[in-house]
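Reader: Hi! I'm new to reading protein structures, could you walk me through one?
Author: Happy to, let's look at it together.

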Amino acid sequence: MTPKERWLAAIHAQPIDRLPFWPKLNASYPIAQSVPFLRMTLDALHQWIGSDMHQWLPACLREKRSKTSFEISTSGKIQTTTFRTRNAQTQLIKKFDETSQSWHPIVFPIKRLEEIELMTDFFSDASIALNDEALALAKEQVSRIGDDALTASAIGKSALMDFVEMLAGVETAHYLLADHPAAVEALFAAIHKVLLEKTRILAENSPADVLYMVENTSTTLISPEQYLRYCYEPIHQYAACTHAAGKPMILHTCGHLKALLPVFNGLPARAFEAFTSPPLGNTTLLDGRTACPQKCLIGGTNAILWTRSAAEIIAQIKRDLDELPHHRGVVLTSAGVMPPLCKPETIKKVADWVKAYPVR
């Protein structure tokens, strides 16, 4: 099988020639390594390791607005997004972290009721259209990649998770949801309308093999009851939309999930990605296979495991794979981003072992 064929067969829980293997490397990884890996691109590192590659495409969307606007400015390590309506404005401020090579929110745009209403106006004003120029670039990228990788594009993040992670922050989000439920639910409805429009356009037009909702779901951030009330039905609609267009949906769910697995099984999504084992997560591959027998599980390890020797990593993966009833619908990955403490030589040893593991 080619990497693309192997990925798609796993996502659809079909027979495979061997387990797909994908270490999730980002910009933080090569800069922490020694020469020659320090000077390699991520693609070159994946090729050296022998990964079944996974490539991201642009979303091919653009927003239209008539009454609101936003502006992004960057100064050094500080990035400020200003959201404006006719009568008010608020800001999301992020700081760049060198070690992780990523931006993290330090000031959230919603702190009180007035800003909930402002952001509701902001989302309500948005309409989504296909970006023809970005679509052409995405198609060119897909043509260049061919069968060497699975291609993916992200739709966004459902309303509750966006509220908790990016709009209000965990603590403030839960206080506001308790104190002003009607206002917060109106905001959620406005966000859902935008996401549903994005989903429809991408499902019909994106050349990507799969579409993602980047949920970061975890019961350390929200409760199972909140997931059922605010996430389940919207995500069901997004996944049903992509399914109808023949495009598998993957949910990036990187936290504690065990209490949600029975709920996940009812979603039309094909796969759960960043499926993280203990002690960092709380779900083994067997947990996932038992609760969600037809879904694809993408992950199966955790960052702490990847700081150990290749022999220890392989021994744990073998134990977890051996206890499964079969190996359809499994993609072995680092679950979250590969910790830079894990050397490329270690990843390659594990990759070689995974490729030789006899699938059932």
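Author: Let's start with a term: a residue is buried under 20% relative accessible area, exposed over 50%, and partly exposed in between (1.4 Å probe, protein chains only). Also, this is a predicted model, in which local features need pLDDT of at least 70 and side-chain atom pairs count only at pLDDT 80 or more, while totals for chains, interfaces and linings use all residues. Residues are numbered from 1 along each chain as its sequence is written, and side-chain values use heavy atoms, with hydrogens and water left out.

Reader: Okay, is Ile31 buried or exposed, or in between?
Author: Ile31 counts as partly exposed, because its relative accessibility is 48%.

Reader: And where is the place of Ile31?
Author: Ile31 sits in the loop between strand S1 (21-22) and helix H2 (42-49). Helices (H or I, at least four residues) and strands (E, at least two) are DSSP runs, numbered from the N terminus.

Reader: What about Pro30, buried or exposed?
Author: Pro30 is in the loop between S1 and H2, and Pro30 counts as buried because its relative accessibility is 9%.

Reader: Which residues is Pro30 in contact with?
Author: Leaving aside neighbours within four places in sequence, Pro30 is in contact with Phe37, Leu38, Met40, Leu42 and Leu45. Contact means heavy atoms within 4.5 Å.

Reader: Switching topic: how many helices and strands does the chain have?
Author: The chain has 12 helices and 14 strands. Its radius of gyration is 21 Å, close to the 21 Å that the globule rule gives for 360 residues, so the chain is as compact as a globular protein of that length. That radius is taken over C-alpha atoms, and the globule rule is 2.2 Å times the number of residues to the power 0.38.

Reader: What does the C-alpha trace span along its principal axes?
Author: About 60 × 45 × 35 Å. Of the 360 residues in the chain, 52% are buried. Among contacts with a separation of 6 or more, 73% come from residues 24 or more positions apart.

Reader: Where does helix H8 bend?
Author: Helix H8 (residues 224-244) bends by about 45° at Cys231, with a proline, Pro234, following within four residues. The bend at a residue is the angle between axes fitted to the seven residues ending there and the seven starting there. Both Cys231 and Pro234 are buried. After H8 comes Gly246, with a positive phi near 75°.

Reader: And salt bridges, what's the count?
Author: The count comes to 16 salt bridges. A salt bridge is a side-chain nitrogen of Lys or Arg within 4 Å of a carboxyl oxygen of Asp or Glu.

Reader: Which residue forms a salt bridge with Glu185?
Author: Arg229 does, and the closest N and O atoms are 3.1 Å apart. Glu185 lies in helix H7 (residues 181-205) and Arg229 in helix H8, so the pair ties together parts that are 44 residues apart in sequence. Glu185 is partly exposed, with a relative accessible area of 28%, whereas Arg229 is exposed at 58%.

Reader: What about Glu204 and Arg200, how far apart are the closest N and O atoms in that salt bridge?
Author: They are 3.8 Å apart. Glu204 and Arg200 are four residues apart in helix H7, so about one helical turn separates them. Glu204 counts as exposed because its relative accessibility is 55%, while Arg200 is partly exposed at 38%.

Reader: One more: is Glu115 buried or exposed?
Author: Glu115 counts as buried, at 7% relative accessibility. Glu115 forms a salt bridge with Arg112, with the closest N and O atoms 3.2 Å apart. Arg112 is partly exposed, with a relative accessible area of 44%.
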